[in-house]
Amino acid sequence: MLLKQQLLTLKLSSWLKKRLKRMAITLTEAAANRVETFLANRGKGVGLRLGVKTTGCSGMAYTLEFVDQLNEEDTAFDSNGVKIIVDPKSLVYIDGTELDFTKEGLNEGFKFNNPNVKDECGCGESFTV
């Protein structure tokens, strides 16, 4: 019985370590440069909050906002010199996401490369995990 408990603990510990290592939000260099420019123009802020809200055709949409102060429950990631702040409810849906900044013709904006997305609506504004 003790051996079974030890094996279960070892498996759980191994799974948890892999899961914690995987938890990350990253920015490409282009996205980091854009965020740094916005923060500099704004004159204050500790980083960028990335989150999700319930809305749209598919159920969820991304939110971005500047952060002046961290909340106790926030998780912060550093990527390319920028602090990315995520609340615990959103982290489940955006874990592993890479945020990019792209320019295509006259259009420019942030692009979310989220490995958890199962489907997106036709307009591209919302997603399902």
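Phe 38 is partly exposed, with a relative accessible area of 33%. The structure in which this residue sits is a predicted model, and the average pLDDT of the protein is 82. Six salt bridges are found in a search of the whole structure, and the count of aromatic pairs comes to three. The points below cover confidence, aromatic pairs, salt bridges and strand pairing.

**Confidence**

- A pLDDT of at least 70 is reached by 74% of the residues, and the protein averages 82.
- Residues 15-21 have a pLDDT below 50, and beyond near neighbours in sequence this stretch has one contact in the model.

**Aromatic pairs**

- Three aromatic pairs are counted, and one of them joins Phe 38 to Phe 66 in an edge-to-face arrangement.
- The ring centres of Phe 38 and Phe 66 lie 6.1 Å apart, with 65° between the planes; an angle over 60 degrees counts as edge-to-face.
- Phe 38 belongs to helix H2 and Phe 66 to strand S3, so this pair ties together parts of the chain that are 28 residues apart in sequence.
- Phe 66 is partly exposed at a relative accessible area of 31%, and Phe 38 is partly exposed at 33%.
- Phe 101 and Phe 110 also form an edge-to-face pair, at 5.3 Å centre to centre and with 70° between the planes.
- In this second pair Phe 101 is buried, with a relative accessible area of 12%, whereas Phe 110 is partly exposed at 25%.
- Phe 101 counts as buried because its relative accessible area of 12% is under the 20% cut-off.

**Salt bridges**

- Asp 68 and Arg 42 meet through their side chains in a salt bridge with an N to O distance of 2.8 Å.
- This bridge links distant parts of the chain, 26 residues apart: Arg 42 is in helix H2 (residues 29-42), and Asp 68 is in the loop between strand S3 (59-67) and strand S4 (75-79).
- Both partners are partly exposed, Asp 68 with a relative accessible area of 38% and Arg 42 at 33%.
- Asp 68 forms a salt bridge with Lys 44 as well, and the closest N and O atoms of the two are 3.8 Å apart.
- Lys 44 lies in the loop between H2 and strand S2 (47-55) and Asp 68 in the loop between S3 and S4, so the pair ties together parts that are 24 residues apart in sequence.
- Arg 49 and Asp 74 meet in a salt bridge between their side chains, at 2.9 Å from N to O.
- Arg 49 is in strand S2 and Asp 74 is in the loop between S3 and S4, which makes this a link between distant parts of the chain, 25 residues apart.
- Arg 49 is buried at a relative accessible area of 11%, and Asp 74 is buried at 14%.
- Salt bridges with shared partners join Arg 42, Lys 44 and Asp 68 into one network.

**Strands around S5**

- Strand S5 (residues 82-86) is mostly covered, with four of its five residues buried.
- S5 pairs with S2 in the parallel sense over two bridges, and Arg 49 stands opposite Ile 85 in S5.
- S5 pairs with S4 in the antiparallel sense over five bridges, and Thr 75 stands opposite Val 86 in S5.
- The hairpin of S4 and S5 has two residues between the strands, and Asn 80 in the turn has a positive phi of about 50°.

**The sheet S1-S6-S7**

- Three strands in the order S1-S6-S7 form an open sheet with mixed pairing.
- Strand S1 (26-27) and strand S7 (107-113) are the edge strands, each pairing on one side only.
- Strand S6 (residues 98-104) and S7 run antiparallel and are joined by seven bridges; Lys 103 has Glu 108 in S7 as its bridge partner.
- Helix H2 lies across S1, S6 and S7 and runs at about 85° to S6.

Notes:
Residues numbered from 1 in each chain as written. Predicted model: local features only at pLDDT ≥ 70, side-chain atom pairs only at ≥ 80, totals over all residues. Heavy atoms only, no water. pLDDT = per-residue confidence, 0-100. Contact = heavy atoms within 4.5 Å. Salt bridge = Lys/Arg side-chain N within 4 Å of Asp/Glu carboxyl O. Buried < 20%, exposed > 50% of the residue type's maximum accessible area, 1.4 Å probe, protein only. Pairing = 2+ DSSP bridges. Axes fitted to C-alpha atoms, helices over the stretch in contact; angles between N-to-C directions. Phe/Tyr/Trp six-rings, centres within 6.5 Å; stacked < 30°, edge-to-face > 60°.
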